[in-house]
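Subject: Structure handover, with notes

Dear colleague,

I am passing on the structure we spoke about, and my notes on what was found in it follow below. Please read them with the structure open beside you.

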Amino acid sequence: MPVVFRIFSVFPLWLLHAVGAAMGWVAFAASPTYRRRFVANVALAGYSLGALRAAVGHAGRMVAELPRLWLGAPMPCQLTGEACVADAYAAGRGIVLLTPHQGCFELSAQAVARRWSAERGPITVLYRPARQAWLAKVMETARNRPGMLAVPTTLAGVRQMIKALRRGEAVGLLPDQVPPDGQGQWAPFFGRDAYTMTLAVRLAQQTGAAVVLVRCERLSLGRGFVTHFEPLAQPLSDQLDLAVVQINQAMEHLIRQCPEQYLWGYARYKQPRVDATAAPGASA
């Protein structure tokens with residue numbers, strides 16, 4: 001499998017995306033469980049499957065572009081709305097960057113690192129190592145690159161993120177990931193309660209960091225990507241329960257801007273697993 005990753009990492013984006021789109025439809029057709037969850041989540045958000053058929057192919061494109069993202073040459077990515085990031089840096093504040101499982105979400109951290117790390121320090125991202133040894137090694141190599149620091153989902157990793165924010169640096173999180181049991185709270189997401197991480201809120205509240213919303217949109221025909229930044233619509237509440245709801249609402253806002261690139265097949269409403277090794281509030 002590592003050899004396959006290396007081979008795919010040199011493919012042009014248009015070819016990876018063509019292969020990925022086919023993979024997405026194969027997975028949709030082959031797995032009744034995945035298909036039912038996909039359709040149910042789309043309907044819960046008020047869409048029809050017909051309206052979001054493209055999301056099936058985009059799920060496959062996300063998988064197919066990973067070798068290029070992790071091991072290949074930098075992928076072309078434009079930035080829009082970056083003034084809110086620059087303003088937070090200029091004010092000396094740390095930045096909590098929040099992105100849903102939408103488009104090429106991992107590229108958003110790379111885009112921030114390329115644009116600001118030389119002047120403002122690295123971006124720190126939290127991740128859960130893969131169970132397969134070869135994939136864990138690939139992920140560690142790919143995510144610890146110039147301008148980026150990947151830290152594990154442990155108390156030590158969270159402490160590193162807090163230190164980075166207090167130095168005025170940026171951290172990146174996926175707040176629509178289901179955290180382990182005891183490390184989140186139930187909050188509405190597209191009208192249904194979902195177990196939601198509290199780490200993003202706690203990081204911002206403890207350090208006074210700015211919260212910036214990010215989504216990385218995949219362009220057609222292999223033309224690259226656009227990473228969009230915007231500030232949180234309202235200041236984050238001092239009350240944890242309300243702030244977590246705000247974060248879920250912010251993720252809904254981003255998703256509705258480009259719903260065809262959200263991973264609707266993700267088991268967002270599952271029961272949290274028990275994980276004694278993860279840090280409080282940590283997510284993959």
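Which residues of helix α10 (residues 199–207) are buried? They are Leu199, Ala200, Val201, Leu203, Ala204 and Thr207, where buried means under 20% relative accessible area, exposed means over 50%, and partly exposed lies in between (1.4 Å probe, protein chains only). Helices (H or I, at least four residues) and strands (E, at least two) are DSSP runs, numbered from the N terminus. Just after α10 comes Gly208, which takes a positive phi of about 70 degrees.

Before going further, please note that this is a predicted model, in which local features need pLDDT of at least 70 and side-chain atom pairs count only at pLDDT 80 or more, while totals for chains, interfaces and linings use all residues. Residues are numbered from 1 along each chain as its sequence is written, and side-chain values use heavy atoms, with hydrogens and water left out.

The chain as a whole

The secondary structure of the chain comes to 11 helices and 9 strands. Its radius of gyration, taken over C-alpha atoms, is 18 Å, close to the 19 Å that the globule rule (2.2 Å times the number of residues to the power 0.38) gives for 284 residues, so the chain is as compact as a globular protein of that length. Along the principal axes, the C-alpha trace spans about 45 × 40 × 35 Å. Buried residues account for 55% of the 284 residues, and among contacts (heavy atoms within 4.5 Å) between residues at least 6 apart in sequence, 78% join residues at least 24 apart.

The cores

In soluble globular proteins, nonpolar side chains tend to be buried together. A nonpolar core is here a set of buried Ala, Val, Leu, Ile, Met, Phe, Trp, Tyr and Cys residues joined through side-chain atoms within 4.5 Å. The largest such core has 49 residues, of which Val96, Leu98, Leu173, Leu203 and Trp264 touch the most other members. Helix α11 (residues 240–257) supplies the largest share of this core, 7 residues. Apart from it lies another core, of 20 residues, including Ala113, Ile123, Ala150 and Val212. Leaving aside its neighbours within four places in sequence, Leu173 is in contact with Val96, Leu97, Leu98, Thr99, Leu126, Met161, Met197, Leu199, Ala200 and Leu203.

Helix α7

Helix α7 (residues 105–120) has 16 residues, which at 1.5 Å a residue should span 22 Å, and its end C-alpha atoms are 21 Å apart, which agrees; the expected span is 1.5 Å times one less than the number of residues. Arg114 is partly exposed, with a relative accessible area of 43%, and, not counting residues up to four places away in sequence, Arg114 touches Pro74, Met75, Cys77 and Leu107. Among the buried residues of α7 are Phe105, Leu107, Ala113 and Trp116. The helix is followed by Gly121, whose phi is positive, near 95 degrees.

Two loop residues to look at

Phe190, in the loop between β6 (184–189) and β7 (192–197), has a phi near 55 degrees, a positive value in a residue other than glycine. Leu221, in the loop between β8 (210–218) and β9 (225–231), likewise has a positive phi, of about 60 degrees, although it is not a glycine. Are these residues buried or exposed? Phe190 counts as buried at 6% relative accessibility, whereas Leu221 is exposed, with a relative accessible area of 77%.

Arg37 is found in helix α3 (residues 32–44) and counts as partly exposed at 29% relative accessibility. Neighbours within four places in sequence aside, Arg37 is in contact with Trp264, Gly265, Tyr266 and Ala267. Pro12, which lies in the loop between α1 (2–8) and α2 (13–30), is partly exposed at 34% relative accessibility; Pro12 and Arg223 are 211 residues apart in sequence and 10.0 Å apart in space, C-alpha to C-alpha.

With best wishes
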